[in-house]
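This report describes selected features of a protein model. Please examine the sequence and the structure before reading on.

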Amino acid sequence: MNETKKGFLQLHLSVLLAGFTGLFGKLITLNEVDIVWYRMLFTSLILLVFTGLPKVSGRKFLELSGCGALLGLHWMLFYGSIKASNVSIGVVCFSLIGFFTAICEPLILKRKFSWAELLLSLITVAGVLCIFSFDARYRYGIMIGIVSSLVCALYVIFNKRASVGVRSRDVLMSQMSGGLLAVTAIIPVYLWFFPSQQPVVVVPEGSNVWFMLCHALFCTVGMYLLQIQALKRLSAFTVNLTYNLEPCYTIILAFLIFGEGREVNFSFYLGIILIVLSVLLQTLRAMQKSR
């Protein structure tokens with residue numbers, strides 16, 4: 001198996017795990033601030049037990065911690081979008097990450113602007129517009145979700161540069177532990193701009209603890225280790241655009257578990273088809289370039 005095919009295998013496995021993230025956001029009854037803080041705490045503890053402290057320089061740790069802060073902010077906005085609307089809306093907003101990456105990656109990494117990438121991402125934008133045409137009740141959730149996808153695009157771009165030459169487990173441990181400190185400082189600012197409808201819970205209880213432990217182990221440690229490996233073999237744009245498949249996995253599960261299929265119509269399904277089409281076209285393009 002060549003490096004490109006291996007990268008795509010790792011990428012799609014991570015997307016499959018990511019498909020469960022939105023479901024945990026619905027199952028866990030805490031607000032988005034609690035979910036993110038404990039997700040990063042549990043992930044840091046799991047990594048500390050199995051991998052130990054990260055073996056990176058102080059400067060590299062700060063750089064990776066900054067990426068962790070972006071990731072934590074993205075998570076808060078993502079779960080905030082789900083709480084303000086539903087699982088389907090929250091994960092579909094995530095599809096705009098390819099559009100934001102096509103614009104931001106050339107500017108940040110100083111590479112040539114690709115019209116092909118922009119065209120592919122615009123197919124995704126068209127899909128999102130089709131999906132949102134079915135209901136206008138969730139505008140606040142949509143707004144938060146769009147900001148979330150922008151922040152996530154920035155995270156993946158900076159993470160690609162920061163993780164060069166660093167072991168995947170050290171990258172993730174640095175991001176989770178350093179990001180936890182950064183998120184603790186970000187939370188008051190976040191709550192100022194995006195007030196939560198639920199109170200902050202200091203110590204979670206009952207099923208929330210078990211849901212968050214599973215969330216940390218499978219949808220964080222497993223998912224991000226695979227994603228970091230994929231980023232070493234594929235472009236940030238390809239990784240971000242392929243993650244547009246995450247809504248497809250999550251929406252199918254949300255339909256089955258939460259009955260959200262009753263709320264959608266033909267335009268919703270048309271939008272999903274356009275999103276999948278954009279991912280398939282980008283995958284074929286990347287495979288051809290690798291040859």
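In this predicted model, the sulfur of Cys-93 lies 13 Å from the closest cysteine sulfur, which belongs to Cys-152. A disulfide is a covalent bond between the sulfur atoms of two cysteines. Because a disulfide requires the two sulfur atoms to be within 2.5 Å, the sulfur of Cys-93 is too far from that of Cys-152 for a bond. The structure as a whole holds 0 disulfides. Cys-93 itself is buried, with a relative accessible area of 0%.

**Salt bridges**

How many salt bridges does the structure hold? The count comes to 3.

| Glu-3 | Arg-233 | 2.6 Å |

The side chains of Glu-3 and Arg-233 meet in a salt bridge. This pair links distant parts of the chain, for Glu-3 belongs to helix α1 and Arg-233 to the loop between α10 (207–231) and α11 (236–242), 230 residues apart. Glu-3 is partly exposed, at a relative accessible area of 47%, and Arg-233 is also partly exposed, at 22%.

Lys-60 and Glu-63 are both found in helix α4. Because these two residues are 3 residues apart in that helix, about one helical turn separates them. Lys-60 has a relative accessible area of 19%; since buried means under 20%, Lys-60 counts as buried. Glu-63, by contrast, is partly exposed, with a value of 34%.

**Lys-83 in helix α4**

Lys-83 is placed in helix α4, which comprises residues 58–84. Its relative accessible area is 28%, and Lys-83 is therefore partly exposed. A polar atom of the Lys-83 side chain lies 3.0 Å from the backbone oxygen of Leu-30. When neighbours within four places in sequence are left aside, Lys-83 is in contact with Gly-25, Ile-28, Thr-29, Leu-30, Glu-32, Ile-35 and Gln-198. As for Val-151, this residue is 68 residues from Lys-83 in sequence, and the two C-alpha atoms are 18 Å apart in space.

**Ser-163 between two helices**

Where is Ser-163 placed? This residue is in the loop between α8 (139–162) and α9 (168–193). With a relative accessibility of 4%, Ser-163 counts as buried. A polar atom of its side chain lies 2.8 Å from the backbone oxygen of Asn-159. Apart from neighbours within four places in sequence, Ser-163 is in contact with Leu-64, Val-171 and Lys-232.

Which residues make the nonpolar surface patch of about 340 Å²? The patch is made by Leu-9, Leu-13, Leu-16 and Phe-20. Of these residues, Leu-9 is found in helix α1, which spans residues 3–18.

Note on methods
Residues are numbered from 1 along each chain as its sequence is written. This is a predicted model: local features need pLDDT of at least 70, side-chain atom pairs count only at pLDDT 80 or more; totals for chains, interfaces and linings use all residues. Side-chain values use heavy atoms; hydrogens and water are left out. Patches are made of residues with over 30% relative accessible area and no salt bridge: like charges are joined within 9 Å, nonpolar side chains (Val, Leu, Ile, Met, Phe, Trp, Tyr) within 5 Å. Accessible areas come from the Shrake-Rupley method with a 1.4 Å probe; for residues, only the protein chains shown count as cover. A salt bridge is a side-chain nitrogen of Lys or Arg within 4 Å of a carboxyl oxygen of Asp or Glu. Helices (H or I, at least four residues) and strands (E, at least two) are DSSP runs, numbered from the N terminus. Buried means under 20% relative accessible area, exposed over 50%, partly exposed in between (1.4 Å probe, protein chains only). A polar contact is a pair of N or O atoms within 3.5 Å; within protein, one must be able to donate a hydrogen and the other to accept it, and residues adjacent in sequence count only if both atoms are side-chain atoms. Contact means heavy atoms within 4.5 Å.
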